[in-house]
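I opened the notebook to look at one chain. The entries below follow the order in which I looked things up.

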Amino acid sequence: LFWFCSYASHLSLQILSGPFLGLQFDSNVSELEWLLSFGDVLVLWQLRWFVFRLMTACGAVKWFGSPMWKEGTAMMVHYETQPLPNSFSRIAHLLPAWWHKAETWATLVIEGLVPLLI
C-alpha cells in the first residue's frame with residue numbers, strides 16, 4: 001500500500017508540475033516505484049533490468065544524438081549548459097581539453113558498455 005501511495009503521489013506531482021519536473025530521471029521514478037511495489041525475490045532482478053535499460057538508453061541517446069559525443073567534445077560545453085549548474089561548474093569548465101575528452105569517453109563507456117556487465 002505504501003508503494004502504491006508513493007507511486008500515485010509522484011505521478012500526480014509529475015502531471016501537475018509539467019515542465020518543472022522534467023529532468024531525465026524524473027520520468028523513471030514512477031516506474032521504479034511501481035516495480036518496487038511487487039517486493040520479494042523479483043525486486044533484485046527488476047532493479048537490475050531497470051538500471052540496465054536506464055543506463056543503456058542514456059548511452060545510446062548520447063552516441064546517436066549530438067555528434068559532439070562521437071567527437072569526444074561534449075563535456076567541453078556541458079558545464080555551461082547543464083540543467084542544474086553549481087559553484088563547481090565554472091572550475092570544471094576551465095579544465096584542459098584533454099580532461100574533457102577523457103570525461104566524455106568515460107561517460108560513454110560507463111553508460112554504454114558497463115551496463116552489459118549488470
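I started with what counts as a helix: a DSSP run of H or I with at least four residues, numbered from the N terminus. By that rule Leu35 sits in helix α2, residues 26-36. I noted that the model is predicted.

**Entry: Leu35**

I then looked for its partners beyond four places in sequence. Leu35 is in contact with Gln46 and Phe50. I also checked Leu47. Leu35 and Leu47 are 12 residues apart in sequence, and their C-alpha atoms are 7.8 Å apart.

**Entry: the whole chain**

I stepped back to the overall build. The chain has seven helices and zero strands. Read from the N terminus, the order is α-α-α-α-α-α-α. The chain has 118 residues, and 31% of them count as buried. Then I turned to contacts between residues at least 6 apart in sequence. Of these, 58% join residues at least 24 apart.

**Entry: α3 against α7**

At what angle do α3 and α7 pack? I found about 135°, with the axes 7 Å apart. That angle makes α3 oblique to α7. Helix α3 covers residues 42-64, and α7 covers residues 97-112. I listed who meets whom. From α3 come Met55, Thr56, Cys58, Gly59, Lys62 and Trp63. From α7 come Trp105, Thr107, Leu108, Ile110, Glu111 and Gly112.

**Entry: Thr107**

I picked Thr107 from the α7 side of that contact. Its relative accessibility is 18%, so Thr107 counts as buried. Leaving out residues up to four places away in sequence, I found that Thr107 touches Lys62, Trp69 and Gly112. Lys62 is also on the α3 list of the helix pair.

**Entry: Glu103**

I stayed in α7, where Glu103 is found. Is Glu103 buried or exposed? Glu103 counts as buried, because its relative accessibility is 15%. Beyond four places in sequence, Glu103 touches Met75 and Tyr79. Glu103 and Ala74 are 29 residues apart along the chain, and 8.9 Å separates their C-alpha atoms.

**Entry: Met76**

Next I went to helix α5, residues 75-81, which holds Met76. Met76 has 25% relative accessibility, so Met76 counts as partly exposed. Which residues does Met76 touch, not counting those up to four places away in sequence? I wrote down His93, Ala97, His100 and Lys101. For His93 I looked up the spacing too. Met76 and His93 are 17 residues apart along the chain, with their C-alpha atoms separated by 6.7 Å.

**Entry: aromatic rings**

I searched for ring pairs and found three aromatic pairs in the structure. One that I looked at is Trp98 with Trp99: the ring centres are 5.9 Å apart and the planes stand at 85°, so this pair is edge-to-face. I compared that angle with the cut-off, since edge-to-face needs planes over 60 degrees apart. Trp98 counts as exposed, because its relative accessibility is 60%. Trp99 has 38%, so Trp99 counts as partly exposed.

**Entry: a charge over a ring**

Which residue lies over the face of Trp45? I found Arg48 there, 4.7 Å from the ring centre.

Conventions. Residues are numbered from 1 along each chain as its sequence is written. This is a predicted model: local features need pLDDT of at least 70, side-chain atom pairs count only at pLDDT 80 or more; totals for chains, interfaces and linings use all residues. Side-chain values use heavy atoms; hydrogens and water are left out. Helices (H or I, at least four residues) and strands (E, at least two) are DSSP runs, numbered from the N terminus. Buried means under 20% relative accessible area, exposed over 50%, partly exposed in between (1.4 Å probe, protein chains only). Contact means heavy atoms within 4.5 Å. Rings of Phe, Tyr and Trp (its six-membered ring) pair if their centres lie within 6.5 Å; planes under 30 degrees apart count as stacked, over 60 as edge-to-face and the rest as tilted. A charge sits over a ring if NZ of Lys or CZ of Arg is within 6 Å of the ring centre and within 35 degrees of the ring normal. Axes are lines fitted to C-alpha atoms, for helices over the stretch in contact, and angles run from 0 to 180 degrees between N-to-C directions. Angles under 35 degrees count as roughly parallel, over 145 as roughly antiparallel, 65 to 115 as roughly perpendicular and the rest as oblique.
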